[in-house]
Every structure is written in C-alpha cells, then in structure tokens.
Amino acid sequence: MPKAKVNGVEVEFEPGMTVLQVAELAGEEIPRFCYHERLSIAGNCRMCLVEVKPGPPKPQASCALPASDGQEIITNSPMVKKAREGVMEFLLINHPLDCPICDQGGECDLQDQAMGYGRDDSRYGENKRAVEEKFMGPLIKTVMTRCIQCTRCVRFITEVAGVPDIGLISRGEDVEITTYLDKAVASELSANVIDLCPVGALTSKPYAFNARPWELKKTESVDVMDALGCSIRVDSRGPAVLRVLPRLNEDINEEWISDKTRYAVDGLSRQRLDKPYVREAGKLRPATWAEALNLVASKLKVASPDRIGVIAGDLQDAESMKAAKDLFGSLGVTSLDCRQDGMALGAGTRETWLFNSTIAGVENADMILFVGTNPRTEAPVLNARFRKRWVAGALEVGVIGEQADLTFGYEYLGAGAASLSGLAKSKSDFVKRLKAAKNPAIIIGAGALGRADGGAIAKAAADVAKTFGMTWNVLHTAASRVGGLDLGFIPGEGGKTAAEMASKGALDVLFLMGADEIDVTASDAFTIYMGTHGDAGAHKADVILPGAAYTEKDGLYVNTEGRVQLGQRAVFPKGEGREDWSILRALSDRLGATLPYDTLAQLRAKLFADHPTFGRIDYAPGAAASAIDLSGIVAAGTATDAPLVSGVRAFHLTNPIARASVTMAECAAVAADASKIAAE
Amino acid sequence: MKQVQWWISKYPDGRQQSAVIPVLWLVQKQEGWVSEPAIRAVADLLKMATIRVYEVATFYTMFMLEPVGTMALVQVCGTTACQSRGSEALLEVCRKRFGPDSHRSADGKFYWQEVECLGACSNAPMAAINDRYYEDLTVEGFEKLLDAFAAGQTPPPGSEIGRQGSAVLGGNSTLNDPKLYDGSAAKPIKSLPNAAPKGKAKAPVA
C-alpha cells in the first residue's frame, strides 16, 4: 500500500483515497463545508486547503486531490493557517451575523469552524448581499441569505434521493439554491438536507425557533415508522419530544432517515389518550385505572376463552406482546394475531418472514426482483441503498406490481400473480440474465402478502426464488411484525385470524393493542383498546387503557431483517398513561392469573428464555439463498390476477402517530396535490 | 426541430443532455427569449430534470429569461475599452430613450442592457443590436441608429465612421514606404535564422 507523510507522520493508505481522507487517517482534522463522505466531491468551498509536497507552492483543496505515494501533506503550516483564514473571511463576507436568531446556532459548522479557523474580526465594510427566501415544501425552512453555496443539498437530492428538485441557479455573486419555481421537494428523504446543510440556510420548519441544541435531552433510540428500525436520536425537553435526528448506523440507515421518521413526532402530543375511559350510554367518559381495569377483568372473566381475541398493532414493542401472549395464553385464549393486514406468513421457519439478504448485505445483490412492493414509500432509506447500487451500475431490478417512480430504472415484468408464476417458463432477456446472476434476490412486499390470496402469491414467489436461487426477502411495513411473528403471536389451535376477529358476532371480548389499521367497526364484541392515540381503534372501544408511545417506553423492536433493537424512553407517557406491559401485568392481577414478572428486566429475562432469538441484540441473522428453507410456505387457494399493489398507499399517514401529526398531514396534502397535477 | 435533432445526434447515446445549450439557443433564436414553458419543453425533450435546464439558462447571461423588445435588443458594451471611449454617453442615451437597464421600453419595442466586453475593443465604443455589431459609435450616430430600428429598418452593421474591419483610424502609420512593396528595399539573405551553422560550432561557454 502507498504511504504518505502527514505532518511528518507516515501513514499507509488505500490507492484512490484523497488527501483529505489520508489526513483523517493520520488523525488530522480538516475543516470542510462542501465535502461529504456520501456525496460526490464538489471542491467548491475551499475550506479544506492544505499544503502538499511535491506540488505547486500554493495551498491545495485536499478533498478533490488524489493522494499519491510518497506525498508530504502539511496541515499545520503558517501557509495553511493563512489560507483557511482567507477562505473563512470570503465565506463570511455574505453571511449574515444573525447567529442569535438562527436555528442552526449551537450546531453550526460555519459557527464552529469560524471559531476554530477564522480570523478574530472582519475587515469587510461593504454591503452584504441578500437573497430571497425560497419555498421547499412544508419541512424545509429556508433563510437563503445564510447559504454559502456548498451544494450539499443539490448533490444529496440528485444523487442519494434521486429526485433532482434542488438546483444552483445563476452565477457569480448571484448564485442561489432553489427548487424549480418554488416547487416542494418531492422526496421522502428530503429533510436530510437540513442535517447536511452546514449553515442555517436550510433548517427544520416544524422545529423553527423551538429550542437550542444544548437545552435538549438526547436519547438514542429506534424508529418504528417503518420496519427498518432506523437508528434515531430523540431530542426532548421536559415532557415534549421536539425532534428526531438520525444516528449513524452503517448496517441500517447509514446516516439518513425518512421524513416520516423525522417529523411524525408532533403527532406524539396530539390526539393522545391520557387517561382511562369507559363507555357509558354510548359515550366515553374519563375513569380511574381501577374502574377501567375492573371492568375489563369482569368482562374477561365471564367470556369463554374461544370468544376472546387479541390483535396487536404495528407499533407494539415485543415485551407488551409477550406479556399479552402469556396472559391470554394462560386464560386459554388462542385467537391472537399481530397481522392486521392478514399477511400470509407465520408458519414455517423464521427465515420465511425475514429480509434474509440483510439491509447492508443487499448491496451485494446483482439482480433483485420486487414483488408487490414499492420500497420508496415502504422503506425510503432502503430505497436509497438500491439507488446507490443501481447508480454504480451494479444492480438490475425487475418489478412485478406497480409501475411507480422508484428513483431508479427497472424492468417492468407485469402487474399480477400470473407474471410471477410465468417467470420460470419465460424466455425473456431478463430471465436469461436472472439465471446467470451470481447473487439474485427477491423482495416481496407486505402489499402482496396481505391480500386474500397472499398465501398463493407467497408460494408462487417462493417457487420463483427456488428456481433461480434467489435470496428470500420480505419487506415488512410494520415495526412490530417480525417481533410478533418471532413470538408466535398468531392464532393457535382453533384460533381466529385478525380479519375473522373483526367480523360481526365472532367474539365477546376484543382486546386491541394499538391496532388501528384494521376495520373493527363491524365487530359487536366488547372492545378494549390499549394504545396511545384516539384513532380508529379508540373510536370503537368500550374501554380505553392509555399506553405509552415508542418514545415513552423502553422496548425491543425487531426489524425486517430480524435484528432485535433496543428502543429507549426519552419522555414519560402522557397523563395517566402507563407502559403497555405494566397495564397487562396489573390486569393479570385482577384476573387472578398474575404474570410472573414485576419489572421489565424480569419480563425480558422470561422473553429471552422462551424465545432465544430476542437475546441477540443488534444482530441480523441473514442467510444465503441456499440455506433458506421455504417449505413452510404452502399455497392456500389460487392467486387471483388482481394487480399487486404496495401496502403503503399514503406514505405520510401509515400509523396513528403520523395521522395525528399536523406536519405529516401537510406533507400528505402537498404530495396529493403533486400527484394530482402529475395525473393531469 | 430538424436543427434540434441535428444537435442531439452530435452527442453519443445517453449523452443527449449535452445538447441543452444549443437547443436553448435555438429556442431563443426562434422566440427571442427563453420562456418557462420552453424550459420545461427542453427538459422533456432531453429527458433531464427541469431544474437542470433552469440552472443552465440562468447561468449564461446570453439567455434572455424575459421577453425582449419587438424591434430590437440593444446590448451596449460598458467594459473598460468602450468605457474609456465614451460608452457612458451611449448608456445615457438608452436610459433616456428606454428607461432603466435590463428592461423593456414602455412601448415594448426595445429592450436594452449593459453587457460586458463583446470583443470589439479596437472599434470602441460599440453596441450589439439584434446580434449585429455597430461600432465606433457617437451619441448622434447611435441615436440615428436607434431611430432607424424604431422605424423598422435594419441599418448595415459595422463601423459608424466607415472604417474597414478594425483598420487603423486615419490610415496606416507604419509600413507606408512604397519601397517595401516594389522590391527595392529587399536585401539578399545571407543565412536563414534557423539554418544549420556553417563551419564548426563553438562549444557553448560554460
């Protein structure tokens, strides 16, 4: 490996690295604005100037200069110091001195680097330029006078998000960052430009003037808005969650999160169930915990076990599902279901419901077949990964289902199940290439599996996977789904499925754990809703037990890869709300079937003992195509030829938290307008 | 459209976006300016994002992004050479006749702007009117010129004082000796400058 000297210290580096990267290898900090590891190199801010020998006797932009063998890189010479001061002075010429009223204050690269590398004062006496504000949608607030034209946002939106909506117009002193004629940015990842912006030009609109970064309590947690389980940091002050930021996690989200993950949190303080309610004469009235729990216990005691049903929602933590399974199992209830959409998986081995390529491992796939899934809306961060590979020319995609704009090119193979089962016999070029592919994968979406004929489609897809040696991947949309399936939170012997439970006359008592995606209006059972938001389930409920949202409890979540992750409590539950497992524990007492744990730690110990997969925190099993046993997927009936569609119809409104969020409602309205215009 | 296809076909497959500047230029030739629907049409034609075309159109100052005068687009050079030869007076003429810089006149017939060097410095001051160069302008001559355009004529381009190209004002000042041209001043050449040295070359002095 070639070697270079950085400030006299010799380091080895990989060929192709830039001078900036080599200097970082040696532990030297190089200030930068435009350079970003995950974006293309622009080299236009000039902040990373260093001295390089051999070379011309002037400072060089280290981000764009390839390192070579025997090079001497100097980052602490007087020339470099002077160069940085000069660049900083230029950058600050047109930057307003409005840090006290800027939302970026305290976490601003320009502020920090001006302190670290700039001069102590300004020599500039002319007029500064001012730039008009732009409109970039309901999420991104612009103060364009602060912009230093690093073009990170342009490169992110074009390269990573694949929705080229932001550009740099005009030239020289007049350049401005803008969208085309104030169009809203139409990417599900758009708000990441706020994190990327090194100054306060692009800031968060919903969070504007809310808090300073040093006032916030930062809690590292896991996202539940989709089934990826992105690593997030929850910033809270007092009882309120103010914002969510991404955490670096190369295995899942790199350093991006979707707009829903970031902005649905204002839904955490709206439409909340903050005390128990019981229905009297058709109306819900506030009640005490004792009253509500006694009522529930009395109903459960008289009902026969086969007339009791439990449905777990999409945002449930594993512990509460475990507690529910233990409690209702001890009562002899077999009608348990965590699959509100009726997903036809749950029998068979664990691999049949996992994303076996793993999220990071999917980058090794050279051909992927999407079946009834639109990853752009179901898992935007994963979609960015597909796009990354596709842009690199290393990935070919075929789609059976909807012809949506995925931000990358694909071959459209058909709409329905017939195109899927016909694939094995097809002699098309795509199939030829698929046969030759070294590492093909199939991704089947929740939309395809959740239909009435989902079982038959799953079987057809499994056959295709077997024929072509493809790695079997299920892309879930519900954060709780894999955890529920791992727990066996599915109907036991004689048990009813979620859809059967919701039908009229099926049950006497229906217990909903945050289940809002299923229509239970037909059910005439006594309905108990344990959850956080006044959404579909609560409207139907006869008793409401206020639970805790994902930011309000410690909980385990299993993502679509089968990776168990720890969510952490950032704030306490609203009002009289309690953590879900402790509600079930209290209920078990009243039923005389006391659960054998008094603390979350004891519950977890029991969970790990009964289901060892949960004990391996942050481990994604993954499996090669040959090692996956798909024999558990058996056809149930025949597939109809209705077109396969994605399970996510409105990206911004998939769960009760997002539906309660004003920001998400705005985004959904903008997105609906945009699609209406596009349709015209 | 034929010209558009010709430009597009100049670039290899998958690189059709390279034709964006010529295509925008054709649009401007046809319409006089580049309109917003035109930008969208060009983006669709070349299969690129609208914002990318917009970036190009705003970057180059030669693309007019608002309607220009029906009679003439007057571009007066205000860079150093023209300025020292009196372009300020020409700018003042425009300001008086048409109003502020980079605007259409009230009657919509003219659009004028001050531009940077157009490369006719030796014939300063100059103005480009509808892409034709009018040089060696005086205030009176410029006024007359604009009157002619207002009347719908197209005066012949070139120098106002009638000099040919950028020939020297007042005739040539050197190489005037007729002896140069009748052969009488010529002397036989003894050796060509780069010819091989005759005899032994001297060793260079160290």
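This is a predicted model: local features need pLDDT of at least 70, side-chain atom pairs count only at pLDDT 80 or more; totals for chains, interfaces and linings use all residues.

Entry 1: I started with helix α1 (residues 2-9) of chain B and helix α2 (residues 20-31) of chain B, whose axes come within 9 Å and cross at roughly 165°. Angles over 145 degrees count as roughly antiparallel. That makes α1(B) roughly antiparallel to α2(B). I noted the crossing of α1(B) and α2(B) as right-handed. Which residues make the contact? From α1(B) I listed Q3(B), V4(B) and W7(B), and from α2(B) I listed P22(B), V23(B) and L26(B). Sorted by class, the residues of this contact between α1(B) and α2(B) come out as five nonpolar, one polar and no charged.

Entry 2: Next I took helix α3 (residues 36-46) of chain B with helix α4 (residues 50-59) of chain B. They pack at an angle of about 120°, and their axes are 8 Å apart. α3(B) and α4(B) are therefore oblique to each other. The crossing of α3(B) with α4(B) is right-handed. On the α3(B) side I found I39(B), R40(B), V42(B) and A43(B), and they meet T50(B), V53(B), Y54(B) and A57(B) of α4(B). The class count for α3(B) with α4(B) is six nonpolar, one polar and one charged.

**Entry 3: cysteines.** How many disulfides are there over all chains? My search of the whole structure gave zero. I then checked C99(A), where the closest cysteine sulfur belongs to C108(A). The two sulfurs are 6.3 Å apart, which is too far for a bond, since a disulfide needs cysteine sulfur atoms within 2.5 Å. Is C99(A) buried or partly exposed? C99(A) is partly exposed, because its relative accessible area is 29%. C338(A), by contrast, has a relative accessible area of 0%, so I put it down as buried.

**Entry 4: cis peptide bonds.** I wrote down one cis bond in chain A and one in chain B. In chain A, K53(A) and P54(A) are joined by a cis peptide bond with omega about -5°. P54(A) sits in the loop between β3 (49-53) and β4 (60-61) of chain A. In chain B, the bond from A124(B) to P125(B) is cis, with omega near -5°. P125(B) is in the loop between β3 (110-115) and β4 (127-129) of chain B.

**Entry 5: positive phi.** R46(A) is not a glycine, yet I read a positive phi of about 65° for it. I placed R46(A) in the loop between α1 (19-25) and β3 of chain A. R46(A) counts as partly exposed because its relative accessibility is 39%. D136(B), also not a glycine, has a positive phi of about 50°. D136(B) belongs to the loop between β5 (132-135) and α7 (139-150) of chain B. With a relative accessible area of 5%, D136(B) is buried.

**Entry 6: N123(B).** This residue is in the loop between β3 and β4 of chain B. N123(B) counts as buried, because its relative accessibility is 3%.

**Entry 7: P2(A).** I found P2(A) in the segment before β1 (3-6) of chain A. Its relative accessible area is 17%, and P2(A) is therefore buried, the limit being under 20%. Beyond its neighbours within four places in sequence, P2(A) is in contact with V11(A), E12(A), F13(A), P15(A) and D69(A). One of these, F13(A), is eleven residues along the chain from P2(A), with 5.9 Å between the C-alpha atoms.

**Entry 8: T352(A).** Last, I looked up T352(A), in the loop between β16 (335-337) and β17 (367-371) of chain A. Relative accessibility is 0%, so T352(A) counts as buried. Not counting residues up to four places away in sequence, T352(A) touches L345(A), A347(A), W472(A), V474(A), D629(A), L630(A) and I633(A).

Notes
Residues are numbered from 1 along each chain as its sequence is written. Chains are lettered from A and ligands numbered from 1 in the order in which they are written. Side-chain values use heavy atoms; hydrogens and water are left out. Axes are lines fitted to C-alpha atoms, for helices over the stretch in contact, and angles run from 0 to 180 degrees between N-to-C directions. Helices (H or I, at least four residues) and strands (E, at least two) are DSSP runs, numbered from the N terminus. Angles under 35 degrees count as roughly parallel, over 145 as roughly antiparallel, 65 to 115 as roughly perpendicular and the rest as oblique. A crossing is left-handed if the near helix is turned anticlockwise from the far one by less than a right angle, and right-handed if clockwise. Contact means heavy atoms within 4.5 Å. Ala, Val, Leu, Ile, Met, Phe, Trp, Tyr, Cys and Pro count as nonpolar, Asp, Glu, Lys and Arg as charged, and the others, Gly among them, as polar. Buried means under 20% relative accessible area, exposed over 50%, partly exposed in between (1.4 Å probe, protein chains only).
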